[in-house]
Amino acid sequence: MREIDFSEIEGIRVGHAQDLAAATGCTVVISESGATAGVDVRGGAPGTRETDLLNPVNLVQQIHAVLLTGGSAFGLDAAAGVMQYLEERKIGFDVQVTCVPIVCGAALFDLPFGDYRVRPDKQMGYQACLDADAAPSRQGNVGAGAGATVGKILGMGRAMKGGLGCYALQVEDLKVGALVAVNCLGDVLNPETGEKLAGPLNEDMQTLADTEAIMIEAYADRKNLFSGNTTIGVVAVNAAFTKSQMTKIASMAHNGYARSMRPAHSMYDGDTIFAMSTGVVEADLSVVGALAARVMERAVVAAIRNAEPLCGLKCCADIKKSAV
């Protein structure tokens, strides 16, 4: 087993567009030949697009792109740009008069950060597609990670910068990768070491508080904690699976969220994972699901480690410097 770049999974291309001044952006994962896909939405405040058609009982068997976007529900407008890009290239579900691109998507809540009046739109979605290529994956303050923040239990003034991360593994012919925009309510940990990488800052603005401890202490407080934080991601595999099997892989990949974010899947998050199958390699479902969880947890860690300061928020590297 060896580490590879997410872009090495055949059949997919990844593109980003962002406005760092406004702290928002979008990321698109394109499969021009079509990908068998599934989805699992676990958070209590999701913002999604075209997830119903991924139900195995429904007609369409393949999708052509997944959009991960900032801007909350407004940002789902960026999917129109992705559809335009694909239709221009005659990529989509053939309905005789044209091809209808199947673009699934999920949005994260970044409105309190940067300029809430600027959201990913059709133009930004189209630009993300133009950006898509086979180059090594970019991480941190790019695409949907531009406006991502973490550790918001004490308000945005004590939050930290999140970001976009990816990680992939290859076992002989099998490739499994994850790409994720980390915008969680709580803390992010490295599950391999137990080290806390990010979360709400204490009053000294140099050390980290504990989100779950804060929530438990205020268990009777039912206030809306920036409803719709949301971590959204994609798992891609080059193995051959059905829609129902890809849904199971998406479900198993959520274990990666649970291992690296505390809490995960709260009523204040819209945690969502799409799973895309682009290949013909034969593989055991349970093995691929286990690998999906592993690459997802490492992609979450990569998102935090590659984040950079933005709009006054500190990042993981800043906290490490303070501890020296």
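Guide: Gladly! Let us start with a term: a residue counts as buried when its relative accessible area is under 20%, and as exposed when that area is over 50%. Keep in mind that this is a predicted model.

Visitor: Is cysteine 129 buried or exposed?

Guide: Cysteine 129 has 0% relative accessibility, so it counts as buried.

Visitor: How many disulfides does the structure hold?

Guide: First the general idea: a disulfide is a covalent bond that joins the sulfur atoms of two cysteines. This structure holds zero disulfides. For cysteine 129, the nearest cysteine sulfur belongs to cysteine 26 and is 8.0 Å away. Cysteine 316 is in no disulfide either, and the nearest cysteine sulfur, that of cysteine 315, is 6.9 Å away. A disulfide would need the two sulfur atoms within 2.5 Å. Cysteine 316 is also buried, because its relative accessible area is 4%.

Visitor: Now the helices, please. At what angle do the axes of helix α1 and helix α2 cross?

Guide: In general, two packed helices are described by the angle between their axes and the distance between those axes. Here helix α1 (residues 78-88) and helix α2 (residues 122-131) cross at roughly 50°, and their axes come within 6 Å. The two helices are therefore oblique to each other. The crossing of α1 and α2 is right-handed.

Visitor: Which residues of α1 and α2 meet?

Guide: From α1 come Ala78, Ala80, Gly81, Val82, Gln84, Tyr85 and Glu88, and they meet Lys122, Gly125, Tyr126, Cys129 and Leu130 of α2. By class, this contact of α1 with α2 has seven nonpolar, three polar and two charged residues.

Visitor: What does alanine 79 contact, leaving aside its neighbours within four places in sequence?

Guide: Alanine 79 lies in helix α1, and its contacts beyond those neighbours are Arg49, Leu67 and Val103. With a relative accessible area of 1%, alanine 79 is buried.

Visitor: How do helix α4 and helix α5 pack?

Guide: Helix α4 (residues 243-260) packs against helix α5 (residues 285-306) at an angle of about 40°, and their axes are 7 Å apart. That makes α4 and α5 oblique to each other, and their crossing is right-handed. The contact includes Met252, Tyr257 and Ser260 of α4 and Leu285, Ala293 and Val300 of α5. Its residues divide into 11 nonpolar, six polar and four charged.

Visitor: Where is serine 260 found, and what does it touch?

Guide: Serine 260 is in helix α4 and is buried, at a relative accessible area of 0%. Not counting residues up to four places away in sequence, serine 260 touches Asp187, Val188, Leu189, Pro191, Glu297 and Val300.

Visitor: What should I look for in the backbone?

Guide: Glutamate 172 has a positive phi, near 55°, and is found in the loop between β11 (163-171) and β12 (174-182). Its relative accessible area is 73%, so glutamate 172 is exposed. Methionine 205 also has a positive phi, of about 60°, and sits in the loop between β14 (196-198) and α3 (211-217). Methionine 205 counts as partly exposed, at 28% relative accessibility.

Visitor: Is the peptide bond from arginine 262 to proline 263 cis or trans?

Guide: That bond is cis, with omega near -5°. Proline 263 has its place in the loop between β16 (261-262) and β17 (272-281).

Definitions and conventions. Residues numbered from 1 in each chain as written. Predicted model: local features only at pLDDT ≥ 70, side-chain atom pairs only at ≥ 80, totals over all residues. Heavy atoms only, no water. Axes fitted to C-alpha atoms, helices over the stretch in contact; angles between N-to-C directions. Helix = DSSP H or I, 4+ residues; strand = E, 2+ residues; numbered from the N terminus. Parallel < 35°, antiparallel > 145°, perpendicular 65-115°, else oblique. Left-handed = near helix turned anticlockwise from the far one by under 90°. Contact = heavy atoms within 4.5 Å. Nonpolar A, V, L, I, M, F, W, Y, C, P; charged D, E, K, R; others polar. Buried < 20%, exposed > 50% of the residue type's maximum accessible area, 1.4 Å probe, protein only.
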